[in-house]
Amino acid sequence: MELMKSSDNIIQDRTQQQHKQEPEMQAQEGQQEQGHHFHVLAVDDSVIDRKLLEKLLKVSSYQVTCVDSGDKALEYLGLLNNLDSDSTASSSSSSSSSSNSSSCSQSSQREGLKVNLIMTDFCMPGMSGYDLLKRLKGSSWKDVPVVVMSSENVPSRISIRCLEGGAEEFMLKPLQLSDLEKIEAYLLKSLHLSCTNIDKDDDDNNADHNSDNNNDKVVNNDSNIDKGNNSTSMNNNFSKRKALSSEDTESRRPKIKGLAVAI
Amino acid sequence: MDRNRLHNQVASMRRSLFDQLEELQDDTNPNFVQEVVTLFYNDSTRLIQNIEQALNSRPIDFCKLDDYMHQFKGSSSSIGAKKVTNECTAFREYCNAENAEGCIRSFQQVKQEHAILKRKLEVYLQTVRQASQTA
């Protein structure tokens with residue numbers, strides 16, 4: 001059957017499922033401690049990818065809002081209210097982005113809207129994921145971590161461009177549950193930054209969890225590098241997921257804030 | 001007895017077709033895989049028609065073709081349809097080279113793999129329906 005991966009892979013998937021449960025429980029503990037769920041805004045023009053992403057995030061106990069374009073994302077975040085040219089602006093100039101942040105600071109926090117993470121597809125008609133990223137980083141939502149996703153191997157200059165534009169991570173689609181472990185680290189970090197009334201103890205707990213997760217991730221990244229770019233290798237899901245050249249990984253490493261300390 | 005057999009059949013089909021989707025299905029949304037399959041089914045049929053039309057028009061708009069194929073490839077890749085995805089990659093190479101004949105030939109391959117996949121999905125959905133009817 002064309003869709004069937006090797007039985008090795010199925011076993012790998014099951015093993016990874018066990019691995020994922022631990023951080024998942026930590027995430028759930030984190031949420032229970034804080035008394036709320038992480039809210040992720042997912043932006044993707046593909047209806048199937050939205051559905052899959054929504055499911056992935058919900059399975060991981062996150063609250064999810066899906067929109068099908070960058071414009072809808074900005075609208076949701078209240079960033080389109082005070083702009084004249086909203087949907088047609090593909091890349092914001094520095095002058096308009098500064099006026100964005102000043103005029104939108106009131107409307108962006110509408111009704112206590114809370115978004116802990118934004119995940120956006122890179123290749124979308126109209127406003128691309130990169131354009132959306134730049135708009136977000138020039139707005140009052142600039143502290144919300146942004147993850148950019150792409151359905152295919154993009155040249156490293158593009159993924160680097162996104163990382164330099166402020167994205168936390170550039171991920172290859174289709175995402176898997178194992179990819180969500182990385183996202184958890186960004187969510188915990190954003191929580192730490194945004195909540196001013198976090199108990200000191202909670203902070204320490206999260207930091208411990210983070211360092212545990214980071215150690216796991218360092219190991220995983222190393223195995224990614226070893227396996228290299230071999231997309232036909234079905235022995236390790238990680239290598240298929242990431243499909244990075246070592247050049248990519250080298251330039252990416254310093255940008256991944258959570259890992260920088262561990263490495 | 002019948003019900004159990006059908007349910008087991010559905011479960012094993014799901015496992016063999018969709019590694020990842022199987023993991024995601026749970027009690028809160030028992031129809032998840034079915035929904036995704038149906039979505040893909042409709043979405044891919046639509047895209048195939050669009051591509052067909054674009055290939056038949058003269059002059060061929062390679063930009064539009066690539067756009068459709070990008071969407072199609074993305075969906076196929078997301079549900080794990082490797083053969084379809086690979087044929088899409090081949091197609092896009094011809095498209096980038098603006099090789100009309102290559103595109104047309106390659107598209108035949110895409111349609112073939114997609115037809116095989118559709119058949120499997122149809123059988124899966126049929127089995128799911130049967131299983132739910134005996135519930």
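Q: Before we start, what counts as a helix or a strand here?
A: Both are DSSP runs, numbered from the N terminus: helices are H or I with at least four residues, strands are E with at least two. This is a predicted model, where local features need pLDDT of at least 70, side-chain atom pairs count only at pLDDT 80 or more, and totals for chains, interfaces and linings use all residues. Residues are numbered from 1 along each chain as its sequence is written, and chains are lettered from A.

Q: How many helices and strands does chain B have?
A: Chain B has 6 helices and 0 strands. Along the sequence the pattern reads α-α-α-α-α-α.

Q: How much of chain B is buried?
A: Of its 135 residues, 51% are buried. Buried means under 20% relative accessible area, exposed over 50%, partly exposed in between (1.4 Å probe, protein chains only).

Q: Switching to chain A. Is S4 buried or exposed?
A: Strand S4(A), residues 146-150, has 5 of its 5 residues buried, so it is largely enclosed by the rest of the structure.

Q: Which way do its residues point?
A: Val146(A), Val148(A) and Ser150(A) point one way, Val147(A) and Met149(A) the other.

Q: Which strands pair with S4(A)?
A: Strands pair if DSSP finds at least two bridges between them. S3(A), residues 117-121, runs parallel to S4(A), with 4 bridges. S5(A), residues 169-172, also pairs with S4(A) in the parallel sense over 4 bridges.

Methods: Heavy atoms only, no water.
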